[in-house]
Amino acid sequence: MTVTPIDARDKPPHAPHAKYERLMAAAKQVPPATTIVVHPCDESSLRGATEAAEAGIIHPILVGPAHKITGVAHQCGLDISGFEIVDAAHSEAAAACAVQMIHEAKGELLMKGSLHTDELMRSVTSGSSGLRTARRISHVFVMDVPGYAETLFITDAAINIFPDLDCKRDIVQNAIDLFTEVGLGKPRVALLSAVETVTTKIPSTIDAAALCKMADRGQITGGVLDGPLAFDNAVDPEAARIKGIHSAVAGRAQILVVPDLEAGNMLAKNLTFLAKADAAGIVLGARVPIILTSRADSVRARMASCAVAVLYADARRRATAVPAA
């Protein structure tokens, strides 16, 4: 199947939610991904899976206490009659079961339900039975920010608290791979700090400079990097001009790499609550992408999370497909 590239010219870039609409439209062009939904025992998580299935984006398998899942569906008027339900006694058992099903190749994606994130990630990162790969696991917010022309990725704001340089290298590469494989092209990556000059007094500026050199040496591939950059001169061309910063990234960033989880979490939530941005979420670096949603997420953000994960899974599927003889 040929996937139409996502083109920002299809709709005005500042049209409300246009960026998410393009992602969802692209996801409908590819086969739905079999998605293991872990412990969908409240309305928001079960409705999110149901609506994504109705849109033709995912094919869900529901894992959790069967009586709770069917009870929520009945109470909320959700039709789950076409979905397979795998009974698991509680949230911890559901997470372990879901991870085992991935090992058995019964699904291409994981989707968080109503359990706590740390419960799910404990099973995912388990040394003996989890889904770790050689790449560090990291989280990406995929944000539709009103007034900003680009689909904006922010990483890592949910998994790695104080990442070192090696960890940041994987965080950057995960985000670049996601951006590229969902059809958004070659990304402009801003490595954020409080200032745009390198100083020993602010260690994140040294990491940013090192990451840029790693990209020069081929240790990070697929994107255009610049940093350190302060937030204003990463996203605002006039701020970059005033500071005398001339690069392909300054003022036009598409991926924002934050110094640590606290900075990223505050940045993403500021954009969500003050700029009224939508924030989809996905975890990368495991054997399969993980759709990580929150109870506070809008239906649109949940659908976008599914769409991004499905596009990524489809790219991986096509990359590993055996050519026809």
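The chain exposes about 14,400 Å², of which carbon and sulfur atoms supply 54%; accessible areas come from the Shrake-Rupley method with a 1.4 Å probe, and for residues only the protein chains shown count as cover. The structure is a predicted model, in which local features need pLDDT of at least 70, side-chain atom pairs count only at pLDDT 80 or more, and totals for chains, interfaces and linings use all residues. Residues are numbered from 1 along each chain as its sequence is written, and side-chain values use heavy atoms, with hydrogens and water left out.

Buried residues make up 53% of the 325 residues in the chain, where buried means under 20% relative accessible area, exposed over 50%, and partly exposed in between (1.4 Å probe, protein chains only). A compact globule of 325 residues would have a radius of gyration near 20 Å, and the chain, with 20 Å, agrees with this; the radius is taken over C-alpha atoms, and the globule rule is 2.2 Å times the number of residues to the power 0.38. Along the principal axes, the C-alpha atoms fill a box of roughly 60 × 50 × 45 Å.

The secondary structure comprises eleven helices and eleven strands, defined as DSSP runs numbered from the N terminus (helices: H or I, at least four residues; strands: E, at least two). Among contacts (heavy atoms within 4.5 Å) between residues at least 6 apart in sequence, 71% join residues at least 24 apart.

A nonpolar core is a set of buried Ala, Val, Leu, Ile, Met, Phe, Trp, Tyr and Cys residues joined through side-chain atoms within 4.5 Å. The largest such core holds 59 residues, and Val172, Leu178, Leu191 and Leu225 touch the most other members. Helix H11 (residues 299-320) gives the most to this core, with ten residues. When residues up to four places away in sequence are not counted, Leu178 touches Val140, Val142, Phe153, Ile282, Leu284, Val308 and Tyr312.

Helix H1 (residues 18-27) is mostly covered, with eight of its ten residues buried. These buried residues are Ala18, Lys19, Tyr20, Arg22, Leu23, Met24, Ala26 and Ala27. Their cover includes strand E5 (138-144), strand E10 (278-284) and H11.

Ser91 lies in helix H4 (residues 91-103) and is buried, with a relative accessible area of 15%. Apart from neighbours within four places in sequence, Ser91 is in contact with His39, Leu115 and Glu119. The C-alpha atoms of Ser91 and Pro65, 26 residues apart along the chain, are separated by 8.1 Å.
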